[in-house]
Amino acid sequence: MQSQQAFRIETRAWLEQNCPKSMRTSMVQEEVVWGGRNAEFANPDSEIWLQRMAEKGWTCPTWPSEYGGGGLDKDQTIVLGEELARINARPALTSFGISMLGPVLLEYGNHQQKQEHIPKIVRGEIRWCQGYSEPGSGSDLASLSTKAELQGDNYLINGSKVWTSYADKADWIFCLVRTDFDVPKHSGISFILFDMTSVGISTKPIQLISGSSPFCETFFDDVKAPASNLVGRLNEGWTIAKRLLQHERTMISGFGLSAGQSDNGGTTSTISSLEGTAMHYRGDSKKLSDPVLRDQIARFKIDADAFAHTSKRSIEESKQGQGPNATSSMLKNYGCELNKRRYELMLQAIGSQGLGWEGEGFNDEELQLTREWLRSKANSIEGGTSEVQLNIIAKRVLGLPDILSLAQK
Amino acid sequence: MALVLSEEQQLLKDSAKNFCEQNAPVSVLRGLRDSKDEQGYDQGIWSQMIELGWAGMAIPEAYGGFDFGYGGLGVVLEETGKTLVSSPLIPTVLVGATAIAQLGNEAQKQVLLPKIVAGELLTALALDEHTSHNPSKIATTATKVDGGYSLNGSKTFVLDGHIANMLIVVARTSGETDSEQGISLFLVDANAEGLNIARTIMVDSRNSSNIQFKNVVVAEDALLGEKDQGFNGLDSVLDIARIGIAAEMLGSMQAVFESILEFLKQREQFGVLIGSFQGLQHRAAEMYSEIELCKSAVRAALAGLDEPDTTQAEIAVLASMTKAKLSEVFFLVSNEGIQMHGGIGMTDEFDIGFFIKRARVAQQFLGDSSFHRDRYATLNGF
Ligand SMILES: Cc1cc2nc3c(=O)[nH]c(=O)nc-3n(C[C@H](O)[C@H](O)[C@H](O)COP(=O)(O)OP(=O)(O)OC[C@H]3O[C@@H](n4cnc5c(N)ncnc54)[C@H](O)[C@@H]3O)c2cc1C
Ligand SMILES: Cc1cc2nc3c(=O)[nH]c(=O)nc-3n(C[C@H](O)[C@H](O)[C@H](O)COP(=O)(O)OP(=O)(O)OC[C@H]3O[C@@H](n4cnc5c(N)ncnc54)[C@H](O)[C@@H]3O)c2cc1C
């Protein structure tokens, strides 16, 4: 294995050569690359950037090269991250395939499933959505009732999901289904993959308070999914489901890190520095004139610093390839609350200019901020609510007794 | 910057933990308090700490120390924080030795540092003059006299003032009372003529004192660092001390939290363990998260101190971030420590009270959270 320094030099040179100039600027919402059969590239450079990064497997740097991943070890991954950050490079690809499905497929999928799906995730060819929540099953996810019955070589799926982010844009879905109704709720769930173009699937977008409609109601009416698409063993899907949630939470906790790390969490604003924004809008030069806001911003930034050190420490502490654990709930909860605080402070900093909805009188960034502030409220709901994360910490990390057996096991 | 302990640091931490649990539990502090001990610390335990090399932890080998860095001293402080060890470790080893190592000339370092390592010299920093920390608001004067300086003024909250052999005194050689310009540091023999040292009994049962200087004359070579230009160096010494005290606070808050968890898993009310009540669970989970952040802040700050490339400005930001955060969280955890123990938490017989008392003193020492948030904002240009 080559030394870290050599890898750094090589990486820096490659990025210098291959990262287009316009990809070295902070991400803007409309230019986030989600990939998929109908991939959109609002900025043509992002297609070039994706293609080059995917070729090296660096959209998924730690995944095995056997399946198209980067095959990097932990130290190299850190170096790559640092070098990307050094030039302010945008993420080449953002997807639920990368942050959620891929890691569990690598852990629980069979060789054929990995071979079929992993390379397409790396290259951004297939866009995935998450079929977990149902109208009757939110925090108590394990009570889900979407039904899958084996009929010949296929599972026949009936039921509905809700809050399915980008179900209307996704190519495939990873879905939790009930395959046994006669056992305790956690023991009858299976984890299955199927194509969203299958006959019998319909989606209906739901509008958010921020005005956009990124998620849907999703209906399954006699949908056929090949039995070979079941991941792991029949009725043992809950283990995989929980593992995936840990990955999802780790991803969402990233919202608490500094802006610019693009995702759908409302952190793509180009108005980046909170204190700079506050001073700009108030016309202050050396010191923020509102002492209360100044103190609140300082407190926020101190927490954000300590949180960033904590994220870093958790990466250093996790052994190579071990991935996230129950502390991902702590990171998720804290990161989300921080992100929400950041948007509230941003609104306070900007004053009435931060409260525009549309039209004249506001610039694009200001209008985007209003929407992102609203979107950020979902951070402590999606991926398991803050209350659910606190339950998990209390039980799994602190070992406190679980009298009501409401465990999110 | 490594945020996980090295193998050496981990070993040191384990042995410090072992030592404190075996030899210096909270009952030692209780004993010192109840007997109104003159010294305010246990000589036998301090001697053992010297033997373990703790006094030379962060001192370079060239001056008789063990060159273990502030990362090393930090893990020791964390462990002494868990059992609230009262000793000269903070006033002499963390503050005094750092001041001499950072600001002293070669002769001062050669003479004084080995004595600290050997436990032959105790120091006290005479800095603050007001009820809140403000290192540039210095009215104590040092006026030039034949062959040296004459010191006049008064100091408060001087840790170990009444047992130190030597005081490190912050005085004004020029400039206005509020100015960073014109501040100088002096090494003053504790037996010097004109000194009036009055021990103060603090709520945390640790040593502190008020000191008055009336024409205290010191020689020319008593100057520590540059004349008039002492503030910058002082501030960097204080930053190291702030990070060190934060490490101690980290240990103390972990001890409180452990006690809380133990109680939640053992106390029954309404026919069940109280730890099963969500009203307590969520608060415990939030405290856990805050303590994890504190751990990371302390580790990052200590690593920053030992990293040769860290600038003074970066250390200042790390120090204020860490001291502000730790002060806030220790406040929270010490309050919850009492609340979650119910009536027992209010009793003197139970140790938790010692921790909330220590918390408030540690919060104040070298700047509370609002001092450091203000400083953090200034350092970050807003
Ligand atoms: C923007 C967004 C995107 C999403 N994307 C997806 C997606 O792609 N795929 C998907 O499957 N789901 C998705 N979700 C759904 C999300 O996972 C659920 O909304 C979430 O799990 C909460 O479920 P619920 O909405 O039914 O709320 P409920 O479970 O009904 O909760 C209501 C309130 O009760 C509290 N509560 C519930 N149980 C407990 C308890 N045991 N202790 C204390 N408090 C409790 C909750 O914390 C919450 O405050 C998304 C949600 C949002 C907002
Ligand atoms: C200064 C002082 C004076 C007092 N004077 C009197 C007096 O004159 N006469 C008298 O009879 N008593 C007196 N008390 C006792 C007092 O009423 C009890 O301490 C109090 O009721 C709490 O009970 P406990 O100490 O057993 O704590 P516990 O009941 O053991 O409580 C421990 C912790 O668990 C929490 N907890 C318990 N149950 C729940 C729940 N269901 N949900 C969430 N949290 C829970 C509590 O809030 C507390 O934080 C006094 C106490 C003090 C401190």
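Among contacts in chain A between residues at least 6 apart in sequence, what percentage join residues at least 24 apart? In this predicted model, the share comes to 71% for chain A, and the corresponding contacts in chain B, again those between residues at least 6 apart in sequence, join residues at least 24 apart in 75% of cases.

The secondary structure of chain A consists of 11 helices and 8 strands. Its radius of gyration is 22 Å, close to the 22 Å that the globule rule gives for 409 residues, and chain A is therefore as compact as a globular protein of that length. Taken along the principal axes, the box filled by the C-alpha atoms of chain A is roughly 70 × 50 × 45 Å. Of the 409 residues in chain A, 55% are buried, while the accessible surface of the chain comes to about 17,700 Å², with carbon and sulfur atoms accounting for 50% of that area. The charged side chains of chain A comprise 44 positive and 50 negative ones, and the centres of these two sets are 5 Å apart.

Within chain A, one loop residue was examined individually. A:S210 is found in the loop that runs between β6 (201-206) and β7 (215-226) of chain A. With a relative accessibility of 6%, which falls under the 20% limit for a buried residue, A:S210 counts as buried. When residues up to four places away in sequence are left aside, A:S210 touches A:W357, A:R371, A:L374 and A:R375.

Chain B, for its part, contains 11 helices and 10 strands. Buried residues account for 60% of the 382 residues in chain B, and the chain exposes about 14,800 Å², of which 50% is supplied by carbon and sulfur atoms. Chain B carries 29 positive and 49 negative side chains, with a separation of 6 Å between the centres of the two sets.

Helix α2 of chain B, which spans residues 26-34, has B:V26, B:L29, B:R30 and B:L32 among its buried residues. These residues cover an arc of only 160 degrees around the axis, which means that they lie on the same side of α2(B). The cover over the buried residues of α2(B) includes α10 (352-364) of chain B.

Most residues other than glycine have a negative phi. Just after α2(B), however, B:K36 takes a positive phi of about 50 degrees, although B:K36 is not a glycine. The position of B:K36 is in the loop between α2 and α3 (43-51) of chain B, and its relative accessibility of 71%, which is over the 50% limit, places B:K36 among the exposed residues. A positive phi, here of about 55 degrees, is likewise found at B:F157, which is not a glycine; B:F157 belongs to the loop between β3 (148-155) and β4 (166-172) of chain B.

Key. Residues numbered from 1 in each chain as written. Chains lettered and ligands numbered in written order. Predicted model: local features only at pLDDT ≥ 70, side-chain atom pairs only at ≥ 80, totals over all residues. Heavy atoms only, no water. Helix = DSSP H or I, 4+ residues; strand = E, 2+ residues; numbered from the N terminus. Buried < 20%, exposed > 50% of the residue type's maximum accessible area, 1.4 Å probe, protein only. Contact = heavy atoms within 4.5 Å. Areas by Shrake-Rupley, 256 points an atom, 1.4 Å probe, with all protein chains shown as cover. Lys, Arg positive; Asp, Glu negative; His and termini not counted. Charge placed at Lys NZ, Arg CZ, Asp CG, Glu CD. Arc of directions from axis to C-beta. Rg over C-alpha atoms; globule rule 2.2 N^0.38 Å.
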